[in-house]
Amino acid sequence: VCFIPGGLDCSICFVSHVLGKVCIHGRQKEILGILVPSLMELTKSDCIWQRICWRLVEYVPDRWMEAVVLGFVQQTPGADVLSRLLGNLVVKNMKAQFVVTQKMLLLQYGHTTAVLQNLLGYLALDSLRRALLIKALQELLETWSSSSAVRHSPPEQQQYISKAILICLSHLKETEIESCRQELLTSMMEGVKCHLDSSLPQIRHLGMIVAESISAKINTDGPVLKFQYEENDEARELKSLLVQTPPFCAVPSLACDDRNEKADSALPVVLESNDKSHAAAPVMLDEEQNTELDSDDDLIPYDMSEDKEVKIKAPVYIRDCIEVLTGCEDMDKWEATVKALESLVRKNPEATREVSVELAKILLHLEEKTYIEGFVELRQRAQVAVLTTDPIPVAKYLTSQFYSLNYSLHQRMDILDVLVLSAQELSYPKSHWKTKHSGAPKPCIQLPHGSDSSKDWRRIVDERIKNKTRRFATGQSQVELASGPNEFNSVAGHFFFPLIQHFDRPLTTFDLLGEDHFVLGRLVHALAVLMYLAVNTVAVAAMGKALLEFVWALRFHTDSYVRQGLLCCISSLLFSVPAECLLEDMTEELLETQSWLGDVVEKDPDGDCRRLALQNLLFMENLKKKLQAAPS
């Protein structure tokens with residue numbers, strides 16, 4: 001019961017029940033769209049109306065509290081207004097506290113950034129509620145640093161949690177940061193490791209940005225974490241959340257108790273600091289003017305208009321290239337060698353075969369000594385050229401190094417990329433790659449009409465026949481496709497089987513079935529491509545059987561990228577292996593695979609996995625129908 005001016009007493013429990021009933025039926029926008037603006041005006045200058053508004057929300061039954069609190073948070077234009085309307089509701093009512101600190105932050109992720117700022121700003125505006133802000137930050141960091149949550153929650157939810165963490169950090173004071181510095185550091189180290197292990201670039205970027213922000217907060221004087229990532233709109237939006245935005249409504253509420261008076265007294269301090277920053281601006285301008293006076297603009301530059309660039313001649317022998325790449329200190333010569341190596345390898349296949357493994361080893365360990373535009377692509381194309389020139393020994397070397405010690409994950413993924421690109425080149429006709437790689441136009445020599453060389457009798461006869469022939473209808477012109485022997489036929493096994501043999505053997509620095517699951521995903525996708533390119537080869541049946549056993553061993557992997565690769569392997573197998581071999585040699589395995597694909601379609605949380613599994617099921621049904629329709 002509250003006292004209203006005019007000598008009347010009334011209870012607002014009935015109004016609270018009506019409000020809760022309307023909100024729980026999904027009419028928050030309609031009722032609060034009218035109620036909130038009216039309460040904002042009434043509570044601006046009247047402390048009694050503030051207490052009435054607090055009682056109105058406090059008397060809402062717990063079963064309807066979530067809908068009411070959510071409606072107020074969404075309809076209120078700022079954290080200060082929300083604080084004026086709800087008061088310390090989250091401290092007094094446990095249901096409201098659960099909704100604000102647990103459900104809206106950890107269990108839901110569809111709210112806008114403005115709603116998050118309202119919610120966390122409301123917790124930060126009162127000393128009694130700041131303990132809940134720190135508690136919410138700790139639980140958010142616990143979820144953010146959980147490897148299971150990073151692996152299984154959707155990217156939208158992880159982005160939502162990252163935004164909430166950054167907004168919480170923007171509200172923390174120095175004393176609060178000092179009290180939980182060690183906890184923040186521990187969560188940062190665990191969380192950034194989980195995010196960097198993810199196979200999704202968006203998740204890795206989120207981990208980098210949040211880790212940088214936490215590091216900047218806890219290490220104000222010392223070194224901070226810095227990552228290299230693309231500065232896109234999402235990154236800029238996340239970083240902007242660390243800066244507190246001024247509230248929409250800057251009118252302070254009347255003080256109903258000592259806490260509000262303290263909050264009001266803090267406002268002049270902010271204004272005073274702003275005045276100081278404005279007063280310091282003219283001093284900075286004077287210093288800039290002084291530096292301009294001391295500049296070196298009066299010095300006359302040298303005339304370099306007639307200077308000519310000195311062209312460094314690239315080596316013309318393969319062994320000279322090896323010497324330059326391994327021991328030359330002349331950076332210009334080293335750069336010229338890197339740029340010319342691919343064409344030199346393709347022009348001298350015999351000389352390349354003599355040192356192919358040594359050259360492949362040098363290229364695998366080659367690092368960029370000086371900046372070269374497109375260095376990674378130049379090195380990769382040179383590796384592909386060496387591998388396609390001498391496939392068997394170089395493929396044996398690269399596949400053996402994939403599972404060796406003391407290689408970085410980047411080098412192992414480079415090996416996979418080179419193997420896939422080389423297999424693609426070997427499986428295509430030579431004319432296709434010649435036209436693709438030939439950049440310079442071929443010289444064209446025109447002979448005079450009177451020359452004997454121009455009298456090509458076949459061309460003249462064909463032209464006369466064409467001119468004398470009348471055609472009433474012409475069909476579509478058929479383009480003659482490039483053809484040639486499949487060079488991947490004899491070497492497919494050397495590319496495929498060594499990669500599939502040792503995937504389950506953990507090394508000291510490399511564990512495919514453990515924390516290095518991103519490389520496992522790349523390996524699975526590479527095997528799928530090699531299987532696809534092995535169509536019509538001699539070893540395709542053996543490759544298909546080995547690949548099916550490999551897929552069956554990993555079918556329940558927790559990472560969605562790995563599962564997508566396994567389903568791509570099934571697609572490649574169904575495409576490349578003849579249907580007769582599939583049904584005769586792998587009947588039981590196919591039935592088990594079909595059952596597993598059905599489970600994936602129904603139960604897999606990843607949409608791409610469900611789509612790929614459904615495509616494979618349809619492909620298998622089509623194969624069965626074709627075999628049944630074929631004459632025996």
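Me: How many disulfides does the structure hold?
Reply: The general idea is to look at how far apart the cysteine sulfurs sit, with a pair counting as a disulfide when they are within 2.5 Å. Keep in mind that this is a predicted model. Here the count is 0 disulfides. Take Cys609: the nearest cysteine sulfur belongs to Cys568 and is 9.0 Å away, and Cys609 is in no disulfide.

Me: Is Cys609 buried or exposed?
Reply: Buried is the label for a relative accessible area under 20%. Cys609 has 0% relative accessibility, so it counts as buried. Cys321 is buried too, because its relative accessible area is 1%.

Me: Let's zoom out. What is the protein chain built from?
Reply: Start by counting helices and strands. This chain has 33 helices and 2 strands. Then ask how much of it is covered: of its 632 residues, 41% count as buried.

Me: What share of the contacts in the protein chain comes from residues 24 or more positions apart?
Reply: For this one, you look at how far apart two touching residues are along the sequence. Counting contacts with a separation of 6 or more, residues 24 or more positions apart account for 73%.

Me: Now some helix pairs. At what angle do H27 and H29 pack?
Reply: Read the angle between the two axes, then the distance. Helix H27 (residues 492-501) and helix H29 (residues 540-554) pack at about 20°, and their axes are 11 Å apart. Angles under 35 degrees count as roughly parallel, so H27 is roughly parallel to H29. The crossing of H27 past H29 is left-handed.

Me: Which residues of H27 and H29 make the contact?
Reply: Go helix by helix. H27 brings Ala492, Phe496, Phe497 and Ile500, while H29 brings Ala542, Met543, Ala546, Leu547 and Phe550. Sorted by class, this contact of H27 with H29 has 9 nonpolar residues, with no polar and no charged ones.

Me: What about H7 and H8: how do they cross?
Reply: The axes of helix H7 (residues 94-107) and helix H8 (residues 113-124) come within 11 Å and cross at roughly 155°. Since angles over 145 count as roughly antiparallel, H7 is roughly antiparallel to H8. H7 passes H8 in a left-handed crossing.

Me: Which residues make the contact there?
Reply: On H7 look for Val100, Thr101, Met104 and Leu105; on H8, for Val115, Leu116, Leu119, Leu120 and Leu123. By class, the contact of H7 with H8 has 8 nonpolar residues, 1 polar and no charged.

Me: Which residues of helix H21 are buried?
Reply: With a helix like this, list the buried residues, then see what covers them. In H21 (residues 356-365) the buried ones are Ser356, Leu359, Ala360, Ile362, Leu363 and Leu364. What covers them includes helix H18 (318-327), helix H19 (331-347), helix H20 (349-354), helix H22 (375-389), helix H23 (391-402) and helix H24 (409-427).

Me: Where is Asn536 found?
Reply: Look in the loop between helix H28 (517-533) and H29. Asn536 has a positive phi of about 70° although it is not a glycine. Exposed means over 50% relative accessible area, so Asn536, at 72%, is exposed.

How values were computed: Residues numbered from 1 in each chain as written. Predicted model: local features only at pLDDT ≥ 70, side-chain atom pairs only at ≥ 80, totals over all residues. Heavy atoms only, no water. Axes fitted to C-alpha atoms, helices over the stretch in contact; angles between N-to-C directions. Helix = DSSP H or I, 4+ residues; strand = E, 2+ residues; numbered from the N terminus. Parallel < 35°, antiparallel > 145°, perpendicular 65-115°, else oblique. Left-handed = near helix turned anticlockwise from the far one by under 90°. Contact = heavy atoms within 4.5 Å. Nonpolar A, V, L, I, M, F, W, Y, C, P; charged D, E, K, R; others polar. Buried < 20%, exposed > 50% of the residue type's maximum accessible area, 1.4 Å probe, protein only.
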